[in-house]
Amino acid sequence: MNARSRRYSVRLVGLGYLAVILLAPLSMLFWRIWAEGAGKAWSAITEHDTIHAFEVTLILCAIAVPLNTLFGIVCALAIVRRRFPGKGLVNAFVDLPLALSPVVVGFSLFLLYGRTGWFGPWFTSHGIQVLFALPAMVLATIFVSVPYVAREVVPTLREIGDEQEQAAYTLGASSWQAFWRITLPSIRWAVIYGVVVTTARCLGEYGAVAIVSGSISGSTETATLRVQDYYENLDQAGAYGVALLLGLIAIAVLVVMTVLKPNEGVA
Amino acid sequence: MIVALPIAALVWASRADGLGGFWSAVTAPEALSALELTLAVAAIVALVNAVFGTVIAWMLVRDEFPGKQLVNAVIDLPFALPTIVAGLLVLALYGPHSPVGISVAYTRTAIVLVLCFVTLPFVVRTVQPVLHELDTQMEEAARSLGAGELAVFRRIVLPSILPGILSGVAMAFARAIGEIGSIVILSGNIPFHTEVASVYVFNQGQNGDTVQASAVAVCLLALSFTILLGIGGLRRLATRHERA
């Protein structure tokens, strides 16, 4: 086998695998909508409960993404620039949601805020509904999307070093000024990239939110839960309609990610 | 606060019935079968990813063909796409109304397929940068000394990208173990057949069987921690390799 045919066979295997595993299912998204009738899918998307589901998803994103961005930057700064006892542990806990099943996350929150949980009775006696309501869903969404900003920012912070910050300090800058003028501008692409990934993760979250929300239609149902709801009620057009909308958002996210990537250098 | 507290509550709940209760909950036939299935499926998925992920990474770094940038961008799609949509799509293609005439719905094959979809980017994205940095001089030297392509790959390329492959495989394995969104629709969740551990936790939790659910959940938690520690070890190994 010569070099050229070897190269072609590798290309064939790689692209073939991608076609079977990735692209063929993706093309179904559009094909099915067309087969089921775009009108039916459209009426499913514009149904009151579906619109509400997307609103809930947006609210969750609007709360979780800014909080995690802030937390991610602070965490990354602490991990890279400071030495403190238990740093390894903090590092491990930040990465944990990446490897942990969202179901475990949801179930843990369920235990914590349930009727017999540690915090459950206190909230109940104060008339605050946490479980099967927005607060628990926000907590679940924050939990699963904690690592993404920190993970993007940490390598960039390591790479740029702290010489410029030191220089700023010797010139009399406060730590706040040094952060705003020096650190933030140099990590901003990493932060933006992290925010995009975090948003995608929040939009697509299913397992953790499914457990703590109770997925009540028109109330605590998110967009992903809506897909399942339609599917289980044998409304294929509705399921594919909502899926298409989520898929289009995903493709938009992908485009943004691709555009941003060259800016963070060779990762 | 947000991450550690719920975990503590989970571990606390799992030991409510003592160690014996925990053990009997984990070794209950349905729980055991779910855990076994999860591990077996995740192992297959990890293996598939190790091979095809490396092939795709190699293709993206060393090969040139029209549309390469597009392929490169598409790799990240499983990260961006909600997993439940992934499940729905795989079901549409390889399900009861399949246009290609293959139906694997509600079987273990379906679980493997959709997990391959969801975990696709991990190995590609860990191997790609390493392969990119790799100097081709060593390979050319080996070739000029008469080494065959297989020998070049096995003795020169593979040792350098192995840490990348392994950490990618470990992430894919962890993801495969914990995945639920893409599986619920597709697998039918038949106990003793296609019910994976995360779905088992979900169902037991919904039925109010806290002890059962939390015991299996703690098993998943322990697995995740082990995998993370393993990846950390790999990373240290890789940097030491670089320094040497």
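**Entry 1: B:Phe192**

I looked up B:Phe192 and found it in the loop between helix H10 (181-187) and helix H11 (197-206) of chain B. Helices here (H or I, at least four residues) and strands (E, at least two) are DSSP runs, numbered from the N terminus. The model is predicted, so I note that local features need pLDDT of at least 70, that side-chain atom pairs count only at pLDDT 80 or more, and that totals for chains, interfaces and linings use all residues. Residues are numbered from 1 along each chain as its sequence is written, while chains are lettered from A and ligands numbered from 1 in the order in which they are written.

I read phi of B:Phe192 as near 70°, a positive value in a residue other than glycine. Most residues other than glycine have a negative phi. Is B:Phe192 buried or exposed? B:Phe192 is exposed, with 11 other C-beta atoms within 10 Å. For these terms, a residue is buried if 20 or more other C-beta atoms lie within 10 Å of its own, exposed if 12 or fewer, and partly exposed in between, with C-beta atoms placed from the backbone.

**Entry 2: A:Phe132**

I then turned to A:Phe132, where phi is near 60°, a positive value in a residue other than glycine. A:Phe132 sits in the loop between helix H6 (120-125) and helix H7 (134-144) of chain A. I counted A:Phe132 as partly exposed, with 17 other C-beta atoms within 10 Å.

**Entry 3: A:Leu184**

I located A:Leu184 in helix H10 (residues 175-204) of chain A. A:Leu184 is exposed, with 12 other C-beta atoms within 10 Å. I also checked the pair A:Leu184 and A:Leu157: they are 27 residues apart in sequence, and their C-alpha atoms are 9.9 Å apart in space.

**Entry 4: chain A as a whole**

I recorded 13 helices and 0 strands in chain A. The C-alpha atoms of chain A fill a box of roughly 75 × 65 × 30 Å along the principal axes. Of the 267 residues of chain A, 44% count as buried. Of the contacts in chain A with a separation of 6 or more, 78% are accounted for by residues 24 or more positions apart. Two residues are in contact if their C-beta atoms, placed from the backbone, lie within 7 Å.

The domain assignment gives domain 1 (1-36) and domain 2 (37-264) of chain A; such bounds come from an automatic or database domain assignment. The C-alpha centres of domain 1 and domain 2 of chain A lie 31 Å apart. Their contact takes 5 residues from domain 1 of chain A and 11 residues from domain 2 of chain A. The side of domain 1 of chain A that touches domain 2 of chain A divides into 3 nonpolar, no polar and 2 charged residues. In this classing, Ala, Val, Leu, Ile, Met, Phe, Trp, Tyr, Cys and Pro count as nonpolar, Asp, Glu, Lys and Arg as charged, and the others, Gly among them, as polar.

**Entry 5: chain B as a whole**

I recorded 12 helices and 0 strands in chain B. The C-alpha atoms of chain B fill a box of roughly 65 × 50 × 30 Å along the principal axes. Of the 244 residues of chain B, 49% count as buried. Among contacts in chain B between residues at least 6 apart in sequence, 78% join residues at least 24 apart.

Within chain B I examined helix H1 (residues 4-14), whose buried residues are B:Pro6, B:Ile7, B:Ala9, B:Leu10, B:Ala13 and B:Ser14. Seen down the axis of H1(B), these fall within an arc of 160°, so they line one face of the helix; the arc is that of the directions from the helix axis to the C-beta atoms. An α-helix has 3.6 residues a turn, so residues three or four places apart point the same way.

**Entry 6: where the chains meet**

How many residues does the contact take from chain B and from chain A? I noted 58 residues from chain B and 61 residues from chain A. Helix H12 (residues 210-243) of chain B gives the largest share of the side of chain B that touches chain A, 9 residues. That side of chain B divides into 47 nonpolar, 8 polar and 3 charged residues.

I finally looked at helix H12 (residues 223-232) of chain A and helix H6 (residues 83-94) of chain B, which pack at an angle of about 30°, with their axes 9 Å apart. That makes H12(A) roughly parallel to H6(B). The contact is made by A:Thr224, A:Val227, A:Gln228 and A:Tyr231 of H12(A) with B:Ile84, B:Val85 and B:Leu88 of H6(B). By class, this contact of H12(A) with H6(B) has 5 nonpolar, 2 polar and no charged residues. Axes are lines fitted to C-alpha atoms, for helices over the stretch in contact, and angles run from 0 to 180 degrees between N-to-C directions. Angles under 35 degrees count as roughly parallel, over 145 as roughly antiparallel, 65 to 115 as roughly perpendicular and the rest as oblique.
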